[in-house]
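Here is a walk through a two-chain model, written for someone who would rather look than compute. Keep the viewer open as you read.

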Amino acid sequence: MAWAKQGQEAAFRELVRRYERPIFSLLYRMVRDRALAEDLAQETFIKVLNAIGSYNPQFKFSSWIFKIANNAAIDHLRKRELETLSLDGSPHATTPDEMSATAPQLGDRGETPLQELEARELGGAIEHAIARLRPEYRTCILLRHVEGHSYEEIARILDLPLGTVKTYIHRARNELRGYLEDRRE
Amino acid sequence: MTDPLLLHLTPDETELWAQGLLPATRDAHVAQCAECRTIAERERKLIRELARLTRFAPEFGFVERVMAKVKIPTPSGPHFRPHTNS
């Protein structure tokens with residue numbers, strides 16, 4: 001009994017080790033916040049490992065885990081869109097002081113070591129260009145050209161028709177080239 | 001039927017060219033069409049740039065933090081026992 005449990009544990013650890021970088025990288029590029037990406041990556045692995053019994057081996061394991069990670073990122077981005085502060089501060093602020101206290105500080109970038117690390121990691125032209133893509137284009141381009149998934153796998157991961165995935169990837173590449181050319185000019 | 005030597009590349013074919021996978025008959029078109037070659041070369045540059053992007057790592061100890069929260073199934077069946085070995 002004990003050895004069987006240990007065997008399962010070892011297999012789980014191996015899965016986390018094998019996928020931690022690709023899953024974390026996708027999430028980090030989606031939400032552009034290290035701590036949050038790590039929370040979402042943890043959430044993804046816990047969900048996957050706790051539901052491993054329901055995994056259907058007809059599908060690639062990588063498609064399954066990327067689907068769960070992408071759903072976590074998209075859910076978060078949708079929530080964040082709803083909660084986004086305006087430049088005037090929180091919608092709940094009732095006085096000028098409250099508005100000023102809750103307004104985003106545009107000049108604050110890179111103040112903490114974590115922010116400095118994020119600026120270093122995600123500060124390049126190509127990373128900025130990826131960040132400007134709409135989330136569905138961003139996921140598609142990352143899955144295709146960073147992770148090397150086929151169009152068919154991406155369609156399964158995102159539950160989209162193959163034609164839509166192709167369109168998204170072609171448009172995303174066009175947009176990326178446009179953003180990069182703008183920056184170089 | 002239109003001569004494959006005269007047809008411009010589709011976006012799918014442009015990607016294939018960038019990956020070195022375009023069939024020779026279509027490759028011959030790229031060799032003679034400056035417009036397709038410019039587009040395909042720009043595409044290849046972007047695809048290479050994307051493929052070179054860093055794979056970031058989470059903070060040290062990530063595996064342990066995940067394992068501390070995962071339930072390891074016992075061999076006896078559908079019972080789950082929280083993992084406590086961390």
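What follows goes from the ground rules to the domains, the core, the chain contact and a few single residues.

## Ground rules

This is a predicted model, in which local features need pLDDT of at least 70 and side-chain atom pairs count only at pLDDT 80 or more, while totals for chains, interfaces and linings use all residues. Residues are numbered from 1 along each chain as its sequence is written, and chains are lettered from A and ligands numbered from 1 in the order in which they are written.

## The two domains of chain A

Chain A splits into domain 1 (1–84) and domain 2 (124–185), with bounds that come from an automatic or database domain assignment. Their C-alpha centres sit 21 Å apart. Where they meet, domain 1 of chain A puts in 13 residues and domain 2 of chain A puts in 12; contact here means that the C-beta atoms of two residues, placed from the backbone, lie within 7 Å.

On the domain 1 side, α1 and α3 of chain A are the elements that give two or more residues. Helices are DSSP runs of H or I with at least four residues, strands are runs of E with at least two, and both are numbered from the N terminus. The top contributor on that side is α3(A), with six residues. By class, the domain 1 side has seven nonpolar, two polar and four charged residues. For these classes, Ala, Val, Leu, Ile, Met, Phe, Trp, Tyr, Cys and Pro count as nonpolar, Asp, Glu, Lys and Arg as charged, and the others, Gly among them, as polar.

## The cores

The largest nonpolar core has 39 residues, and Leu27(A), Ala69(A), Cys140(A), Ile141(A) and Ala172(A) touch the most other members. A core here is a set of buried Ala, Val, Leu, Ile, Met, Phe, Trp, Tyr and Cys residues joined through C-beta atoms within 7 Å. Buried means 20 or more other C-beta atoms within 10 Å of a residue's own, exposed means 12 or fewer, and partly exposed is in between, with C-beta atoms placed from the backbone. Helix α1(A) gives the most to this core, eight residues, and each of domain 1 and domain 2 of chain A supplies at least three.

Take Ala172(A): leaving out residues up to four places away in sequence, Ala172(A) touches Leu133(A), Tyr137(A), Cys140(A) and Ile141(A). There is also a second, separate core of six residues, including Leu9(B), Trp17(B), Leu22(B) and Ala40(B).

## A closer look at α7(A)

Helix α7(A) is mostly covered, with nine of its 12 residues buried. At 1.5 Å a residue, the 12 residues should span 16 Å, and the end C-alpha atoms of α7(A) are 15 Å apart, which agrees; the expected span is 1.5 Å times one less than the number of residues. Just past the helix, Gly148(A) takes a positive phi of about 75°.

Why does Leu142(A) count as buried? Because Leu142(A) has 24 C-beta neighbours inside 10 Å. Setting aside neighbours within four places in sequence, Leu142(A) is in contact with Leu26(A), Arg29(A) and Glu147(A).

Chain B has four helices and two strands, in the order α-α-α-α-β-β. Of its 86 residues, 19% are buried. In α1(B), the buried ones are Glu13(B), Thr14(B), Glu15(B), Trp17(B) and Ala18(B), and they pack against α2 (24–32) and α3 (34–51) of chain B.

Between the chains, 32 residues of chain A are in contact with 26 residues of chain B. The largest share of the chain A side, 14 residues, comes from α1(A). That side has 15 nonpolar, seven polar and 10 charged residues.

## Two loop residues to check

Most residues other than glycine have a negative phi. Arg32(A), in the loop between α1 and α2 of chain A, has a positive phi near 50°. Arg32(A) is partly exposed because 15 other C-beta atoms lie within 10 Å.

Asp159(A), in the loop between α8 and α9 of chain A, has a positive phi near 55°. With 9 other C-beta atoms within 10 Å, Asp159(A) is exposed.
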